[in-house]
Amino acid sequence: GEFRVTRHMRDGPRRHSVHASLRGRKRTSLYGGGAVITFPRAPMEEVLHGPAPDFTFGPRTDERVTQWIAGLAYDGRWPGVGSLGVGLQRTWYRKQVDRPATPLARTDDEVWLPTFSLSAELSPRLALYGSYTRGLEESGLAPDSAANRTEALPAILTTQVDAGLRWKMTDEVSLVARLFDLRKPYFAADEANLFRELGSVQHRGVELSLAGSVASGLTLVAGAVLMDPRVTGEGVELGRVGPRPLGQAARTLTFSSQYELPGVPGLALTLNATHRSSRPADTRNLVDLPARTIWDAGFRWQSTIGEVPTLLRVQMLNVTNAYDWQLVGSGSYQVNSPRQLTMFLTMDL
């Protein structure tokens, strides 16, 4: 829940807003209790034969999270000139994890979280912006591939600095370019396959996006994230951890398009693509997953059945049936989905 009080003030064309807020959340989770069955070694292409395993499930883990956030923020806007935002939050965070056959674990954090943002409108089409944010986020659970699977991980502090521009190239097409620097603790599996904090990770790079209607009925959205993610700390210096973070690609490209067919009301063709460069597949950077590009294609048709508005969506995922690996954990993979056709009919009754 959240309680917020806002005060708006006018100063000629300028608008000032002051926000005071109090937020709270409480979450209770029950998970785990699964069983592990070990099969004999065999070639990957060989079908396993044998009796079905007899699973015996155990007690589950009881996890409880309580968090309160009190904040005060200022937001100032001057049309045609720019904006300024300043905020400060105080958060109280507690996580309690009761795992079977282990002592009760509890994490308590109280931290200040400042934020700052600034933008300047250089012209009606061009604006510059920058921001600084410090945050507290949950790091979840250790993956199933780790020796300490499902173990609750502590909350972590993150810091992000970014700056960029927004350029309205035409009345229909806009470009956003952003430089970013994100830093936080690095969690991965160590040489004993324990998933824990092994250092710090920094994501530094540039993000680009282009969106708009480039021709009659044709809308495009293209994006790119180019970065140099790096891990630092004692683990890297000792050779226990590689300098590149697990599963992080240096290059990610996305493309999405929609074309409304002339003469056929409500019918639009769609084409999407995602490209991801190679990425480390284990903590020590001994193995890389290869680069892959996945294409999706389909159509959307808005119509009516009788007087009922309907939307038919047909999409073929992974058109080229590209074979790829999904990274589950350090040295643990699963195969991506093959080519498949999906159809959805939505009716507004």
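The largest pocket is lined by 25 residues, and those nearest its centre are Tyr186, Phe187, Phe195, Leu246 and Gln248. The model is a predicted one.

**Largest pocket**

- The space in the largest pocket comes to about 440 Å³.
- Three strands, β8 (173–189), β9 (195–215) and β18 (325–329), each contribute at least two residues to the lining of the largest pocket.
- β8 gives the largest share of this lining, with five residues.
- By residue class, the lining of the largest pocket consists of 15 nonpolar, seven polar and three charged residues.

**Phe187**

- Phe187, one of the residues nearest the centre of the largest pocket, sits in strand β8.
- The relative accessible area of Phe187 is 15%, so Phe187 counts as buried, the limit being under 20%.
- From Phe187 to Ser200 the C-alpha to C-alpha distance is 8.3 Å, with the two residues 13 apart in sequence.

**Strands β1 and β2**

- Strand β1 (residues 2–11) and strand β2 (residues 14–31) run antiparallel and are joined by ten bridges.
- Within this pairing, Val5 has Ala20 of β2 as its bridge partner.
- The two strands form a hairpin, with two residues between β1 and β2.
- Gly12 lies in the turn of this hairpin and has a positive phi of about 65°.

**Ser29**

- Ser29 belongs to strand β2, the strand that pairs with β1.
- Ser29 has a relative accessibility of 19% and is therefore classed as buried, since the class takes values under 20%.
- A polar contact of 3.4 Å links the side chain of Ser29 to the side chain of Arg27.
- Once neighbours within four places in sequence are set aside, the residues in contact with Ser29 are Thr61, Asp62 and Glu63.

Methods:
Residues numbered from 1 in each chain as written. Predicted model: local features only at pLDDT ≥ 70, side-chain atom pairs only at ≥ 80, totals over all residues. Heavy atoms only, no water. 1 Å grid on protein atoms, 1.4 Å probe; cavity = no way out; pocket = protein on both sides within 12 Å on 5 of 7 lines; lining within 4 Å. Points joined across faces, edges and corners; volume = space filled by probe spheres on them. Helix = DSSP H or I, 4+ residues; strand = E, 2+ residues; numbered from the N terminus. Nonpolar A, V, L, I, M, F, W, Y, C, P; charged D, E, K, R; others polar. Pairing = 2+ DSSP bridges. Buried < 20%, exposed > 50% of the residue type's maximum accessible area, 1.4 Å probe, protein only. Polar contact = N/O pair within 3.5 Å; in protein donor to acceptor, adjacent residues only side chain to side chain. Contact = heavy atoms within 4.5 Å.
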